[in-house]
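User: I would like to learn how to read a multi-chain model. Please take me through it feature by feature.

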Amino acid sequence: MVKILVDNKHIEAEDGANLLQTCLDNDIYIPNLCYLNDGQIPFAGCRLCYVQINGKPVASCTQKVAEGLEVQTDTPEVRSLQKAAFRLLLSVHDIKCKECPANKRCELQRIGKFLKVGLKVKGLEVRLKDPGLDSGHPYLLIDQNRCVLCGKCVRVCQKKHGHSYLTFAKRGFETVISAYRQPEESPLNFSECTACIDICPVRALLLKDV
Amino acid sequence: MSQGKIKTIDEKFGAIFAEAQRRKNEREAKPVPKIHIGLATCGIAAGAMETKASFEESLAQRGIDAQIHPVGCIGHCYAEPWVIIENTEMGFPPIFYPKVTAGKAKMLTKLYLEEGDPRLEHILGAMEENEMIPTVWEFSRFSEEKRIVMNLCGKIDPDDIYEYIAEEGYVSWAKALKGTPEELLNLVKDSGLRGRGGAGFPTGTKWEIAAKHDSSKKIVICNADEGDPGAYMDRTILESNPHQVLEGLALSAYAIGADTAFIYVRSEYPLAVKTIQKAISQAEEAGLIGKDILGSGFDLEIKIFQGSGAFVCGEETALILSMEGFRGMPYPRPPYPAETGLQGVPTVINNVKTLALVPPIVKNGVSWFRQIGTENSPGTAIFSVVGNVTHPGLVEIPMGISLRSLIFKICGGIPDKKKFKAAQIGGPSGGCLPEEFLDIPIDFDSLIEAGAMIGSGGMVVLDEDTCMVDVSRYFLDFTQKESCGKCTFCRIGTWHLLSILQRLTIGEGKEGDLEKLEQLSRDIKEGSLCGLGKTAPNPVLTSLKYFREEYEAHIKEGRCPAASCRPLTAFYIDLDKCARGCDACVGCCPVDAVFTTSNRKKGIDQDLCIKCGECKVHCPPDYNAIFKISPPHLAPVIERPKEEKETS
Amino acid sequence: MDDVVLTSEDKAALEELRSQLDRYEKSTANLIPILQMIQEKVKFLPPAAIKMVAGFLEIPSSQVYGVATFYNQFKFNPPGKNPIKVCLGTACHVRAGDIILENFERKLGIREGETTEDREFSIDRVACVGCCALAPVAIMGKTVHGHMAPSKVEGLVMRVQIEREKAERERQKNESGQN
């Protein structure tokens, strides 16, 4: 066990443990969307979990705990980066909270509240995908304008079934989560496994009414 | 290493080397003219195959015995397709002929090879000192270069391993095999060699991490996934002298103890792929790679992996994922590939140029290498200098010379008496440097300090007619399309950057856009996961820093100072200069926007004009009647005559 | 994706490739090399090809699709018989390569990445082809056309069309001659 200091709070943790997980375990909330406690190399895609170490912002999911580590979670630099990333995510998000099944248990709402950032972004053009709804799969609906591309669904499916039946598709700004269109090979009849749906932080994946 | 083994290596390599010398002497002793033709991708694109065919045909027709020697690229793009003719039997030195079309080849065969007149009006110069003809070495484009990596490019046949060996190729390999891996590693560390792939990380340090790892399996990879839209030196090197890269790759494998090596090359480079494939099998046949190399007991297999076109795969972690059959989305480091890389084993990834520098270092020693270049950036740098420059092409220079020497002295400056505006260095990750930076030395650290970077070695020279906002937009368009889409800042941030820049170039900029560009750029730089995102805003940041007034003109006045952004520009015809009866502009307009006025002069229908500039190009220089102006409303209005409208 | 119509040649090429898959070890590391082989032979990756590769490597089709859509090399629509590639490398951009692209698009009525309905032409943008001194450059089939100008675009397209019409007339003549 090693001792670290997070915002003046002394914490004991295992040497080499994941810093983000350590903070979360000790009731120190750091905004995050893509982090999974699965022992794999962290995804590190959402860029929300910044903390400050030695004066520099570091994504806490990529940082290992070591003796004497001093961490600040609430500096102007950290908050500025977190807000910037958050606003970027919102600029491609279809904000219709009242109609959204995730309303009141949505990670974006939680982070917005925590960072004190309203969900209606100002000063950034909003660009939604058209069509936003991918209904090509027989059971699954994917709302691309709700999805934050955290990839949790892909990784959780991979872990459970050895292969992921969901994938990132295309590239860059066009990237989407896709189930492709080969239902016959998919084991997912969704009566047995709804891992991808359950893990989605914004409920972008929904079961079709079939 | 036992004395017995050293003796075996000496004997085995000695035999190969002797065979190479024998072949070389035999070739040179043949009393016939030799025609060297550059047949790399760039030469072929410029018509070198037709040139070669034309030589073959006319030689046969005239019954002249001559050797056609296919070689790689010499880096002098402006001269493509080029040939060097050695006609010593007639008493001439080797002569360099630029822009040898099929017709010229026919002419040279008849007039020079048959009748003995070298047609001096068509030459660039002689390749050797002589008393008749001025040499190419009188041009800075030749004399100021320092070639270590590209020394043999354009001189040897890349498809013949013996031509490389005859020039002391693989000598370093045999030498290193006689020593220990530690000796080789220390040599590279002491040389101060820094990676030529962009960041300039010390090569020896990278090797050491992997060398110290106790894994029984290790891998080395040559990264030839060149993706910068304006850089093509890696391809040229692979197509022109693949064995120097293979030798460097083999040396890196020996230093860290790897038995497997890959060359990761873009599948868009079919000729490079073919050339390396051939080179690998020749090296295997000669026993220079494979099992128990030269009797040393060291094994090395070299394989090719073809990249499928994703700029982000220049990132080490993405490159590894793509080789494993996944999407090339970078992951955070640590773990570093040198510890856990391809297939989970220690993997060292080096750029083509870095590897090609290793054999000369091993052969000539640390102090020789360190006296070239600067203290912290020893050696040479290769740039592909393109854009508005008189002698574009690949240039290898010692680190430390000034940008001014490179652009003006070596590459001949800006054509058409235009003014220099900026040099964009390092491609999509680099920056734009204006005139006041022309005297800074070219090395890793000085360029980064100035806001650019050597990066891939792409250099675009921009003249006064180039719009800096448009150049930023161009590079952002590239990086935005090439972003892998994994992390928030790069995926969404670069899209917003591009969208603002696009608005500026069509005159829809708004107050506050520049501040937004700066803020977004800083956030993307700080917050992105990998090097692609971290450097993507550099073209925007540097051009904003040095050319802010150009951005402001776009926003505040709807004016493009370089008159380059098309929606902010109009073409018009100066009726005082326009000649009656000349129809050049009417004929060339692809959209029929040019009309004839009632007095038979010409006018441009601004509603139809697509601003392609064809009319300006075709207007005879005697009149020079077509002008470009920004903002477009300043263009004088010339009404289209009514009757023509009715008939059309 | 589903609306891609396969010609009989496409289908034959795919069948032939199926037999060649056995040359590869069933490892994900071979996914990209296999896709490259199909791209090379069929010139695009129809859904049937994605399914075939997934079946061979025993991985979900979605995984194959995810990888294929990541890389520029893989196309999902059949290219034209006369693929046009416009270089938009840096040197070509500085010399107005985008105007050349635009002229091809206007002339053929398709956008970059698309194929004309008769499958005669397709337009793509490519990064530097390394003929910077010839900028701007366009490649039609395998021929590089340097120092492109908007006025040359029309000529290039027309030449192909004229040749096609000529071939068509020849064919008709031959047919009527035989009858």
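Analyst: Start with burial: a residue is buried under 20% relative accessible area, exposed over 50%, and partly exposed in between, using a 1.4 Å probe and protein chains only. By that rule, 63% of the 648 residues in chain B are buried. In chain C, buried residues make up 51% of 179.

User: What kind of model is this, and how is it numbered?

Analyst: The model is predicted, so local features need pLDDT of at least 70 and side-chain atom pairs count only at pLDDT 80 or more, while totals for chains, interfaces and linings use all residues. Residues are numbered from 1 along each chain as its sequence is written, chains are lettered from A and ligands numbered from 1 in the order written, and side-chain values use heavy atoms, without hydrogens and water.

User: How many helices and strands does chain B have?

Analyst: Helices (H or I, at least four residues) and strands (E, at least two) are DSSP runs, numbered from the N terminus. Chain B has 26 helices and 18 strands. Chain C has seven helices and four strands. Along the sequence, chain C reads α-α-α-α-β-α-α-β-β-β-α.

User: Why does the radius of gyration of chain B agree with a compact globule?

Analyst: The radius is taken over C-alpha atoms, and the globule rule is 2.2 Å times the number of residues to the power 0.38. For 648 residues the rule gives a value near 26 Å; chain B has 28 Å, which agrees. Its C-alpha atoms fill a box of roughly 95 × 70 × 40 Å along the principal axes. For chain C, the C-alpha trace spans about 55 × 50 × 25 Å.

User: Which domains are assigned in chain B?

Analyst: Domain bounds come from an automatic or database domain assignment. Chain B gets domain 1 (31–138), domain 2 (161–370), domain 3 (380–557) and domain 4 (569–647). The C-alpha centres of domains 2 and 4 of chain B lie 57 Å apart. Chain A is divided into domain 1 (1–127) and domain 2 (133–207), with C-alpha centres 24 Å apart.

User: How many residues of the two chain A domains are in contact?

Analyst: Contact means heavy atoms within 4.5 Å. In chain A, 18 residues of domain 1 are in contact with 15 residues of domain 2. Contacts also show sequence range. Among chain B contacts between residues at least 6 apart in sequence, 71% join residues at least 24 apart. For chain C, on that basis, the figure is 61%.

User: Is Asp143(A) buried or exposed?

Analyst: Asp143(A) counts as buried, because its relative accessibility is 12%. Asp143(A) lies in strand β7 (residues 140–143) of chain A. Leaving aside neighbours within four places in sequence, Asp143(A) is in contact with Gly132(A), Leu133(A) and Ala204(A).

User: Where is Tyr623(B) found?

Analyst: Tyr623(B) is in the loop between α25 (614–618) and β18 (626–629) of chain B. At 32% relative accessibility, Tyr623(B) counts as partly exposed. Not counting residues up to four places away in sequence, Tyr623(B) touches Lys577(B), Ala579(B) and Cys582(B). Tyr623(B) and Gly558(B) are 65 residues apart in sequence and 29 Å apart in space, C-alpha to C-alpha.

User: How many positive and negative side chains does chain B have?

Analyst: Lys and Arg count as positive, Asp and Glu as negative; His and the chain ends are not counted. Each charge is placed at NZ of Lys, CZ of Arg, CG of Asp or CD of Glu. Chain B has 72 positive and 88 negative side chains, and the centres of the two sets lie 2 Å apart. Chain C has 24 positive and 25 negative, with centres 4 Å apart.
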